[in-house]
Amino acid sequence: MSRQIKIERFACSRRLNTDQVVSIQPARTDLAGRFPAVSIILSHCLESTDTVLIRGLLNQFPNLFCDLSARSSLFFFAGAPPAKVARYTLYDDASFRPDWIELVDSMPTRFMLGSDIFRQDIDFDKVIAQLRHGVLANLQPASIELVANGNAKRIFKLTQP
C-alpha cells in the first residue's frame with residue numbers, strides 16, 4: 001500500500017470517527033498525533049531495543065500500541081552479522097530482555113504478541129514456543145493475558161462467539 005493511500009485511510013478514518021487499526025513503520029510515528037482517533041500498531045515495536053524511546057512514544061500518544069512479533073534470532077537469515085542479531089533480538093526460547101520485561105509489565109495494555117511468519121524456512125511452532133516461554137513466561141501474571149490476546153481483542157474489537 002502506498003504512503004498516500006495510507007494517509008488517505010487515516011484521514012477517512014478520522015472524518016468518519018472510526019477506530020480503524022493500522023500498522024506503521026518507524027518513519028511514520030507522526031501519524032499518531034495527526035490522527036488520534038486511529039489505533040496505530042508499531043510494527044515489531046519499531047525494530048528498536050530502546051525502551052526509553054518506546055516508553056516515550058507510548059506516553060506521548062495514547063493511540064499507539066507495540067507488536068512484539070519477529071524480535072528473536074529465528075527471523076534472521078543464516079550468516080547475519082551477530083552484532084545486528086544481538087541488537088535486534090528481544091527474546092529467545094526462555095528469556096526476554098530485562099529492560100523490556102519492565103517496560104511491558106509497566107504498560108501491559110500497550111503491547112501484543114504477533115507471529116509474523118514471512119518465510120517458509122521459519123518454524124512456526126518454534127516461534128510460538130518462544131513467545132510463550134521467552135515472552136509470556138517472564139511477565140507478571142497481570143500482564144500475560146493482556147499481552148497474549150486481551151489487547152488485540154480490545155484494539156481489533158474482536159468478540160468470542
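What follows is a short chat about packing, charged pairs and cysteines.

Q: What kind of model is this, and what pLDDT do local features need?
A: It is a predicted model: local features need pLDDT of at least 70, side-chain atom pairs count only at pLDDT 80 or more, and totals for chains, interfaces and linings use all residues. Residues are numbered from 1 along each chain as its sequence is written, and side-chain values use heavy atoms, with hydrogens and water left out.

Q: OK, how many residues are in the largest nonpolar core?
A: It has 36 residues. A nonpolar core here is a set of buried Ala, Val, Leu, Ile, Met, Phe, Trp, Tyr and Cys residues joined through side-chain atoms within 4.5 Å. Buried means under 20% relative accessible area, exposed means over 50%, and partly exposed is in between (1.4 Å probe, protein chains only).

Q: Which residues have the most contacts inside it?
A: I54, L64, L68, F96, W100 and F111.

Q: And which elements supply at least two residues each?
A: Helices α2 (30-34), α3 (51-60), α4 (82-88), α5 (98-106) and α6 (124-135) do, along with strands β2 (39-42) and β3 (64-67). Helix α5 gives the most, with four residues. Helices (H or I, at least four residues) and strands (E, at least two) are DSSP runs, numbered from the N terminus.

Q: What does I54 touch, beyond four places in sequence?
A: I54 is in contact (heavy atoms within 4.5 Å) with C45, L46, S48, C66, W100, L103 and F111.

Q: Which residues are in the second core?
A: That separate core has five residues, including I41, F65, A152 and I155.

Q: Switching to charges. How many salt bridges?
A: The count is two. The rule is a side-chain nitrogen of Lys or Arg within 4 Å of a carboxyl oxygen of Asp or Glu. E102 pairs with R55, with the closest N and O atoms 2.6 Å apart. E102 is in helix α5 and R55 in helix α3, so the pair ties together parts 47 residues apart in sequence.

Q: What is the other pair?
A: R97 with D99, with the closest N and O atoms 3.1 Å apart.

Q: Are C45 and C66 buried or exposed?
A: C45 is buried, at 0% relative accessible area. C66 is buried, at 0%.
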